[in-house]
Amino acid sequence: MTPALPASGPLGPQASAAAPRRRSLSGPALAAWLLLAPWLILFALFVLWPLGEAARLAVLQTFGPSATNFVGGRNFSALFADPLFWIAVRNTAIYAATSVLIQLPLALGLAMLLNRPDVRARAAFRLIFFSPSLVGVVYVAMIFGIMFEKRTGLINRALHSTIGWDLEYPWLQNAIMAALVIASLWQWVGFNMVYFLAALQNVRQDLMEAARIDGAGPWARFRLVTLPAIRPVAGFVVLLSVIGSFQLFELPYLMLNSSAGPENRGLTIVMYLYQTGFEIGDLGYASAIGWVLAVLLVVCAVAQRLLSRGEEDAA
Amino acid sequence: MTRSVSNSRTAAFVGVHGLLLIAAALMLTPFVWLLCAAFKLNEDVVASTFLPLNPEGFLGVAWNRLTVIHFRTLLGSLGLGRAALISVFLSATTAALATLLCAAAGYALAKLQFRGRTWAAALVLAAVTIPGPLLLAPSYTVLYQISLLDSYWGLILPAAAPAFGVFLFRQAMTSSVPDQLLEAARIDGCSELRLFSLIALPLVRPMVGAFMLITFLGAWTNYIGPQIVLQTPAKFPLAVFIAQLKGTYYQDYGLLMAATLVSIIPVLGLFLLLQREFISGLTSGAVKG
C-alpha cells in the first residue's frame, strides 16, 4: 500500500499553481499583521487611548468619570503649591534613596558570598533569598503590618529580648519609613541578588587571578576587577529599583490600614494620586500627579543613561 | 605554611557559611512566623512568639493548642474559597492570553519582514517606558466609556497586552529561532501561522514558562487594579478580599495570617515547579540585552 504515491502526481502541479495566489493571501506580511493585530488592538485600547485621556484629564477637574470642569493649567499650578504633594514627594524620595543605598549593597554582598566557588547548598540559599519576591506586596504588607505591631509584634519582641528595646515602640506611628524599608528589603533583596549573581558571571577569573598575584587586596580587586564587569547590570538594577520605589503605594497603604498614617508620614506620590483620584474623585488632579511622576521617572532614566555613558567614555 | 593557608581557607569557609546561614534565618523568619500564627488561637498569637508554649509539653510546645479554626472560618462564612477561585480564573486567563499575544507579536517583529516593522518595534520600546500609575486615572475613564467597569474583562484585557512581554519575546525569538529552519518549513509548504505555533513557539518554551509565571504572579498579587475596576464585593479576588478582611478583623491576627498563607502558597508552589525557567527568563533581558 503506497497511498502517498498516486497523490503526488495530480496534486503536484496543482499545488505549485496555487502557490503564488496563496502567497499573496497569507504571505509573511499578512501573517505579521495577523499575529500583531490582537496585541496591537488591546495596546491601542488600553495604553494609547488612556494616554490620550491622561492628557485630556490633566486640564480638567472632575468628580467621578462624567462630571468635568475645564481648569487648564491650574491643576499643575495647584499641585506645585500643594503641601501634601510635597510631603508625598519627600517621603517617596527618602524611601527610594534609603532602599537603594541599603538594599542594593546587601544584594550585591549576598551575591558575592553565593558566588564563591566553595559554597555549599547554593541553590537552596538562592531559593530562600529569592522566595519573598514571590509573595506579592499585599501579603508582605499583611505580614509586616502585624510583625511591626507594638507589644504583640515579632520585631519589638525580638528586639526587647535581645537588646532591651522598648516593647511599646510604635513603629507604624513613629518610624513608618524604617518599617517600609525593612519590609521591602525582605521582599526584594533576593530578587536583586539574582541579577547581581548573573552579572558576576561576567567577571573574568584570569584577571582576578592576575590581580591577586600582583598583590591587590580584596577591596582593590573588587573596585578594579569586579565592579567594572558588573557595572552595566548594576546600572540596570539601580534604575529598576528607583522606578519601583517611586511607584510605592500598596505597602504603606495596607500596612497603615488604608491611610497615609499620622501626619501623612506614610504618604507617597502614587498613594496621593489614588486618594485624589479614587477617594475624592478628582481624576483630573490625579492625572496631573501621574504626569509629574512620569516626568520624574524619565529624568531618572535619562540620568542613568548619561551616567553609564559617561563611565564608559572614562573607562 | 600550608597549614596556615588551609586554616585561613577553613576560616573563610566557616565565615561565609555562617553569614549565609544568618541571612537565610532572617529571610525565613517571617515565613516561619506566618506559618505558626496561621495555626494559633488569637490568645496564643499574643502570648507566644512562634508556637504556643506549655511548660510541660515537648520542648515546651503545646501542640494540642494548634488549630485549623481560622481556615474553617475563612472557607466557611467568610467566603475565601470564592475569592481564591476568582483569583485563579483571573490570573490563569491573564497569563495565557498575555503570553499568546506577546509571543505572537514578538515573533512577527523578530522574524517576519513587513512594512511598518521598524515603526511597530519603536512603539514597543517607547511603551515599555510608560509608568503604570500615569494610566490609573485615565484607564478608569476609558473602562467607564466602554462599560467594562465592575467586569472581569476590564481587568484581564488591559493586563493582556504588556509591551515588555513583546520586547522579551522578540529577544527570545531572535536568539533561539533560526531563520533557515523557518525557510525550510516554508518551502515544505507550512503556512505562516503554523510556522509560529508549531516551530517558533516550542523553541522559546523557557521564555513561555517564565513569562506565564511572571504574568500569573502579577495578576495574582495585583491589588490596585481590582480595587479600582471592581465594585461588587462578591467579585473581589484574594488580594482585595484580604485587604478588606484586615479592615474588619484587624485584631484577629491568626485569621489574617491564615488567609495570607492560603494566598501565597499556590504561587510559591508554582514557582518551585518552574524555578529554572523563571530565573533564566528574569535575567535574560538584563544580561543579554
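Buried area is the accessible area (1.4 Å probe) that two parts lose on being put together, summed over both. In this predicted model, chain A and chain B bury about 8,100 Å² between them, and carbon and sulfur atoms give 82% of that area. A:Leu35, A:Trp39 and A:Tyr139 supply 10% of the area that chain A buries against chain B, more than any other three residues.

**The interface as a whole**
- Chain A brings 87 residues to the contact (heavy atoms within 4.5 Å), and chain B brings 97 residues.
- The side of chain A that touches chain B has 65 nonpolar residues (Ala, Val, Leu, Ile, Met, Phe, Trp, Tyr, Cys and Pro), 10 charged ones (Asp, Glu, Lys and Arg) and 12 polar ones (the others, Gly among them).

**Helix 2 of chain A and helix 10 of chain B**
- Helices here are DSSP runs (H or I, at least four residues), numbered from the N terminus.
- The axes of helix 2 (residues 28-57) of chain A and helix 10 (residues 192-203) of chain B come within 8 Å and cross at roughly 55°.
- Axes are lines fitted to C-alpha atoms over the stretch in contact, with angles from 0 to 180 degrees between N-to-C directions.
- A:Pro28, A:Ala31, A:Leu34 and A:Leu35 meet B:Glu192, B:Leu193 and B:Phe196.

**Conventions**
- Residues are numbered from 1 along each chain as its sequence is written, and chains are lettered from A in the order in which they are written.
- Local features need pLDDT of at least 70, side-chain atom pairs count only at pLDDT 80 or more, totals for chains, interfaces and linings use all residues, and side-chain values use heavy atoms, without hydrogens and water.

Key: Helices (H or I, at least four residues) and strands (E, at least two) are DSSP runs, numbered from the N terminus.
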